[in-house]
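Hi,

Here is the structure I promised to pass on. Please open it alongside this email; my notes follow below.

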Amino acid sequence: MAATPQKPAAATPRRKVSRHRGEGQWAAGHFTPLNGNEQFKKDDDGLNVRTRIETIYSKRGFDSIDPNDLRGRMRWWGLYTQRKPGIDGGKTAILEPEELDDKYFMLRVRIDGGRLTTQQLRVIGEISQEFARGTADITDRQNVQYHWIRIEDVPEIWHRLEAVGLSTTEACGDTPRVVIGSPVAGIAEDEIIDGSSAIDEINRRYIGSKEFSNLPRKFKTAISGSPLLDVAHEINDIAFVGVNHPEHGPGFDLWVGGGLSTNPKIGVRLGAWVPLDEVPDVWAGVIGIFRDYGYRRLRTRARLKFLVADWGAEKFRQVLQDEYLERELVDGPAPAQPLQRWRDHVGVHRQNDGRFYVGFAPRVGRVDGTTLTKIAELAEAHGSGRVRTTVEQKMIILDVEEAQVDSLVESLEALDLTARPSSFRRGTMACTGIEYCKLAIVETKARGSQLIDELERRIPDFDEPLTININGCPNACARIQVADIGLKGQLVVNDRGEQVEGYQVHLGGALGLEAGFGRKVRGLKVTSDELPDYVERVLKRFQEEREDGERFATWAARASEEALS
């Protein structure tokens, strides 16, 4: 019997194969720019824009600025265009950049380690008054930010800052940003090791150098030998954390790959102990890995945290040792649990030389040029002329004799700069917000200040350490995910069906050795007007339900959604 003819097999559809371009890693040979940012960096190093600012733009005015310089390379010198007044948050993601741009700039002054002399602080204050309409915000990375800066005035501002040893070099952009450090380095009684010399050496060798002026994205550094873990090391690209090695003595535990924004990640320990004099070399090795192996294809994956997550700590350490340091790192211990909940150094504290330092709290980091000048005067009258900024938007005056402490505290109070703040004043931070930021959706600074006043009035007996961090957009500049109460700005619908400013709520985030991200209760959003009522309600429930000694973050993790709503 003849075989039954078979139907020809159906042709398999040809699948379109797209050419894989990799992640834009230079170490893999991928040098072709894969997005507009990488293209303008290849076309011209961001550091070169200074010459054009000084010789062309400051003379011909705002309209003469090349767009790739305006929204790109000028960041390498601390300059961002600020938001045009009157544009509501609903238009933030709709308008083109040129529609959001005002013809004024935010200018960021980098203050590495938070260290200032009163001469430097006075110059910062004078520049604020003369060129920035009085603005001068203290950031959560120890910097000062001006607003309303005209391009015509930038060369003169640089001249004045640099005359006293300050700079805006690489304060923004795809660069090594300000190196944050313990604001009480070298003076704290309980300090494990003083990292100031490492901060200075990193600046001397690398800041403003083209060796690291074209990174995949920004690179954030923290160095502190304080047992309080006072620099938010868990959320930096690289952090050196003071530890005592049982054999080698004081040094630093090495962390990499922390960061927040829309994909938050806690940094990971590499298990390596680094002596003080080797910190700059190890820093250069880690940032070198980021430059060479970092992802440059998508801006959303261009931070070091994504590479660390893909590689893992073991591979990252091995590449660092084999390819960049050409030696083994020493294994070392993890840092100890901090003994204090507050890490901001606010209040009166004895120094290692018997004198005192006094930490005080401006409102959500907002000060002005006149106030900064007065702080400089107070520091000179009561101390030795040294001032510090902190990563909590606070300030510290150093070297105060015991007999001068009470007078200084009273003088600060007269300026509304309290060294004895409520938990709400002490623990509330806010980013720039819609007042000036082109990415923001809601108001933050004024809202935070109002919230402090309301909570102090409504719950005057609340004295637990508590952080309330307010952000104007999802980018987490104010560290919302690691706050007890984190507020992410967005538009919400009120009970009348109107779209208004409001916040998504994160509860129970924390830094320290129990670092973690806050809990989001499904559907929990509050309008700006409802915010004081909501926070009061949650804090009173915490007071009612907490166990002895229980932190807010611990309670928030176990509380019912009803209790948190």
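Aspartate 140 is buried, because its relative accessibility is 11% and the cut-off for buried is under 20%. Keep in mind that this is a predicted model. Aspartate 140 sits in the loop between strand 4 (135-138) and strand 5 (144-149). Beyond its neighbours within four places in sequence, aspartate 140 is in contact with Val391, Gln393, Met429, Cys477, Ala478 and Arg479.

Next, the cores. The largest nonpolar core has 54 residues. Ile53, Met74, Phe105, Ile124, Tyr146, Ile149 and Ile397 have the most contacts inside it. A second, separate core has 38 residues, including Ile202, Tyr206, Val308 and Trp311.

Strand 10 (residues 268-274) and strand 11 run antiparallel and are joined by 2 bridges. Tryptophan 273 has valine 330 in strand 11 as its bridge partner.

Last, the second largest pocket. Its volume is about 550 Å³. The lining comprises 30 residues, and Arg341, Arg343, Thr467, Ala510 and Leu511 lie nearest the centre. Helix 13 (423-427), strand 17 (428-430) and helix 16 (552-558) are the elements that give two or more residues to this lining. By class, the lining has 12 nonpolar, 8 polar and 10 charged residues.

Best wishes

Terms used. Residues numbered from 1 in each chain as written. Predicted model: local features only at pLDDT ≥ 70, side-chain atom pairs only at ≥ 80, totals over all residues. Heavy atoms only, no water. 1 Å grid on protein atoms, 1.4 Å probe; cavity = no way out; pocket = protein on both sides within 12 Å on 5 of 7 lines; lining within 4 Å. Points joined across faces, edges and corners; volume = space filled by probe spheres on them. Helix = DSSP H or I, 4+ residues; strand = E, 2+ residues; numbered from the N terminus. Nonpolar A, V, L, I, M, F, W, Y, C, P; charged D, E, K, R; others polar. Core = buried A, V, L, I, M, F, W, Y, C linked by side-chain atoms within 4.5 Å. Buried < 20%, exposed > 50% of the residue type's maximum accessible area, 1.4 Å probe, protein only. Contact = heavy atoms within 4.5 Å. Pairing = 2+ DSSP bridges.
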